[in-house]
Amino acid sequence: MAGIKALISLSFGGAIGLMFLMLGCALPVYDKYWPLFLLFFYILAPIPYCISRRIIDDTDSASNACKELALFLTTGIVVSAFGLPIIFARADVIAWGACALVLTGNVVIFATILGFFLVFGTNDDFSWQQ
């Protein structure tokens with residue numbers, strides 16, 4: 001039952017994060033949809049880590065080149081997702097208020113992605129890994 005509660009809370013967190021992203025785009029004050037490009041970053045962020053977990057079977061090693069590369073790529077994607085709205089705001093493509101809403105949505109979405117890997121990343125009885 002704990003897995004279901006975690007899944008529901010993670011989906012609630014994802015919905016709140018997407019709500020902040022949509023508010024940054026669709027409010028009549030801002031009315032620019034350029035921040036929706038961040039959806040690509042949300043999709044791309046967990047992919048390197050998931051691929052490296054499939055390739056690596058040795059989880060006891062302290063360091064592995066594939067795992068380190070995956071963490072580096074994931075970090076680059078996350079930093080780019082935080083940098084893109086700031087660049088948009090500096091170039092006057094979006095307003096600074098929209099940038100703040102989008103950055104808040106980024107924090108919530110990436111915390112939800114991190115929470116998913118922390119909750120469902122172990123090989124216990126309730127896991128998405130089979």
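## An exposed residue to start with

I55 is exposed, with a relative accessible area of 55%. The word has a cut-off: buried means under 20% relative accessible area, exposed over 50%, and partly exposed in between, using a 1.4 Å probe and protein chains only. I55 is found in helix α3, and helices here are DSSP runs of H or I with at least four residues, while strands are runs of E with at least two, both numbered from the N terminus.

Before going on, a word on what you are looking at. This is a predicted model, in which local features need pLDDT of at least 70 and side-chain atom pairs count only at pLDDT 80 or more, while totals for chains, interfaces and linings use all residues. Residues are numbered from 1 along each chain as its sequence is written, and side-chain values use heavy atoms, with hydrogens and water left out.

## The chain as a whole

What does the secondary structure come to? The protein chain has 5 helices and 0 strands, and reading along the sequence gives the pattern α-α-α-α-α.

Of the 130 residues in the protein chain, 31% are buried. The chain exposes about 8300 Å², and carbon and sulfur atoms supply 72% of that area; accessible areas come from the Shrake-Rupley method with a 1.4 Å probe, and for residues only the protein chains shown count as cover. Among contacts with a separation of 6 or more, 62% are between residues 24 or more positions apart. Contact here means heavy atoms within 4.5 Å.

## A nonpolar patch on the surface

I55 also belongs to a group. Together with W34, F37, F40, I43, L44, I47 and I51, I55 forms a nonpolar patch on the surface, with about 820 Å² of accessible area together. Patches are made of residues with over 30% relative accessible area and no salt bridge; like charges are joined within 9 Å, and nonpolar side chains (Val, Leu, Ile, Met, Phe, Trp, Tyr) within 5 Å. A salt bridge is a side-chain nitrogen of Lys or Arg within 4 Å of a carboxyl oxygen of Asp or Glu.

Which helices each supply at least two residues of the patch? They are α2 (38-44) and α3 (47-55).

## How the helices pair up

Two packed helices are described by the angle between their axes and the distance between the axes. The axes are lines fitted to C-alpha atoms, for helices over the stretch in contact, and angles run from 0 to 180 degrees between N-to-C directions. For α3 and helix α4 (residues 65-90), the axes come within 8 Å and cross at roughly 170°. These two helices are therefore roughly antiparallel to each other. Angles over 145 degrees count as roughly antiparallel, under 35 as roughly parallel, 65 to 115 as roughly perpendicular and the rest as oblique. On the α3 side, the contact is made by P48, Y49, S52 and I55, and on the α4 side by C66, K67, A70, L71, L73, T74 and I77.

Further along, the axes of α4 and α5 come within 9 Å and cross at roughly 170°, so α4 and α5 are also roughly antiparallel to each other. Here α4 contributes V78, A81, F82, P85, I86, A89 and R90 to the contact, and α5 contributes W96, C99, V102, L103, N106, V107 and F110.

Is N106 buried or exposed? N106, in helix α5, is buried, with a relative accessible area of 0%. Leaving out residues up to four places away in sequence, N106 touches L38, Y42, A81, F82 and P85.

With the sequence neighbours up to four places away left out, T112 touches L10, G13 and G14. F117 of helix α5 counts as buried at 18% relative accessibility. F117 touches P46, Y49, C50 and R53, again not counting residues up to four places away. F117 and C50 are 67 residues apart in sequence and 9.5 Å apart in space, C-alpha to C-alpha.

## Two loop residues with positive phi

Most residues other than glycine have a negative phi. D31 has a phi near 50°, a positive value; D31 sits in the loop between α1 (2-26) and α2 and is partly exposed at 48%.

D92 has a positive phi of about 60° although it is not a glycine. The loop between α4 and α5 holds D92, which counts as exposed at 66% relative accessibility.
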